[in-house]
Amino acid sequence: MSQQPILSVRDLNVKFNLRGKVLHAIRGISLDVFEGESIAIVGESGSGKSVFTKTFMGLLDANGYIESGQIIYDGKDLTTLKKEKDWTQIRGKQIAMVMQDPMTSLNPLKTIGAQISEAIEMHQGLKGDALYQATIDILNDVGITEPTRRYRQYPHEFSGGMRQRVVIAIAVACRPRILICDEPTTALDVTIQAQILGLLKELKTKFDLTTIYITHDLGVVANVADRIAVMYAGDIVELGTCEEVFYDPRHPYTWALLSSLPQLGSKGEDLYSIKGTPPNLFQEVVGDAFAPRNPQALKIDFVKRPPYFEVTETHKVRSWLLDPRAPKVEPPEHIKKLRKQGGLA
């Protein structure tokens, strides 16, 4: 992994107009994505993960807009691109996305081969036999057996896991530099999930990709991410290496997410769940957005938004608990258990 950012987001604010009201979906996020790394963006549904990454490809819904901030890629500020023809130079060719549900990403009326060939022809300019061979090669790359037979089949003839492989094949066929995987395993059972994550890892190495995973499940990214960004209410509240976020988490929301993992539960006890609901982003968020759901919240959490505090060079957390003046608050028992596993207790 190089220390050169391939993508730099600076103070990004994204809003949506909904029924005469304004929803502030992304609240001043800054993030560097480094070339060759695998970064996971984690948070519960509605935290803004998908909206954030859609801005990298100009895929915001018609009622959404970037109010301020920059997204620097290859020396260009992507927030300045307005025309569809400008985005076609970026979308697919430079930054590609594997969507959540493969059935909605594939055309039911076209063969699998035709759909992958279309992407290769558009982005690599191949024709005829060369195009056919490149399509067969990419089917092989994503682990689809009997590619010549599968080439002629339709999406409904494939299982969910196979369809997900096809969607990944289409994304990788464009030869992008950045691959965004939006909940790539959500609709799949556990054994297939592991296969798809293994496949994405292999493709990352083979095609020298920078990968961005979007997920609500910290357990999914444990084996694939170099770094984890924890998102809550349109903001990144904790950012660190995989080891730091798993074994030395410092934000109460990260504690809550980790405590919710079923594998941390004890037999005979109720599973942990986060009380309350995320804030209403139609209204201005005052203080720390997680404060109303945080049993350890300080008075200042309800008044002033916390800045980032650096735990290490690679680990930063937006929480008043890290202010030297704050009282010492012990993490929950589940987190202490994890620390022991990581040898950090």
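In this predicted model, strands E3 and E9 run parallel and are joined by four bridges. Within this pairing, Ala40 lies opposite Ile228 of E9. Strand E9 covers residues 227-232, and six of its six residues are buried, so the strand is largely enclosed by the rest of the structure.

E9 and E10 form a hairpin, with two residues between the strands. Ala233, in the turn of this hairpin, has a positive phi of about 50 degrees.

Strand E3, which comprises residues 38-42, pairs with E8 as well, in the parallel sense and over five bridges. Here Ile41 is placed opposite Ile214 of E8. Strand E8 spans residues 210-215, and because six of its six residues are buried, it is largely enclosed by the rest of the structure. Thr210, Ile212 and Ile214 point one way from E8, while Thr211, Tyr213 and Thr215 point the other way; all of these residues are buried.

A parallel pairing over five bridges also connects E8 with strand E7, residues 178-182. Thr211 in E8 is the bridge partner of Leu179. Together with helix H8, residues 190-206, strands E7 and E8 make a right-handed β-α-β unit. The loop between E7 and H8 contains Ala187. With a relative accessible area of 64%, Ala187 is exposed. The C-alpha atoms of Ala187 and Lys21 are 33 Å apart in space, and the two residues are 166 residues apart in sequence.

A further set of strands forms an open sheet of four strands, with antiparallel pairing and the order E2-E1-E4-E5. Its edge strands are E2 (21-34) and E5 (76-77), each of which pairs on one side only. On the E5 side, strand E4, residues 64-73, pairs with E5 in the antiparallel sense over two bridges. The bridge partner of Tyr73 in E5 is Lys76.

For the chain as a whole, twelve helices and twelve strands are found. The radius of gyration is 21 Å, close to the 20 Å that the globule rule gives for 345 residues, so the chain is as compact as a globular protein of that length. The C-alpha trace spans about 70 × 50 × 40 Å along its principal axes. Of the 345 residues, 52% count as buried.

Side chains of opposite charge can pair when their charged atoms come close. In this model the count comes to 17 salt bridges. Among them is the bridge between Glu84 and Arg91, at 2.5 Å from N to O. Arg91 has a relative accessibility of 18% and so counts as buried, since the cut-off lies at 20%. A second salt bridge joins Lys127 and Glu121, at 3.2 Å from N to O. Lys127 counts as exposed, at 55% relative accessibility, whereas Glu121 is partly exposed, with a relative accessible area of 33%. The side chains of Arg250 and Asp248 also meet in a salt bridge, at 3.1 Å from N to O. In this pair Arg250 counts as partly exposed, at 26% relative accessibility, and Asp248 counts as buried, at 18%.

Val303 lies in the loop between helix H11 (252-259) and strand E11 (309-312). This residue, Val303, is exposed, with a relative accessible area of 59%.

Terms used
Residues are numbered from 1 along each chain as its sequence is written. This is a predicted model: local features need pLDDT of at least 70, side-chain atom pairs count only at pLDDT 80 or more; totals for chains, interfaces and linings use all residues. Side-chain values use heavy atoms; hydrogens and water are left out. Buried means under 20% relative accessible area, exposed over 50%, partly exposed in between (1.4 Å probe, protein chains only). Two strands pair if DSSP finds at least two bridges between them. A crossover is right-handed if, with the strands pointing away from the viewer, the path from the first strand over the helix to the second runs clockwise. The radius of gyration is taken over C-alpha atoms; the globule rule is 2.2 Å times the number of residues to the power 0.38. A salt bridge is a side-chain nitrogen of Lys or Arg within 4 Å of a carboxyl oxygen of Asp or Glu.
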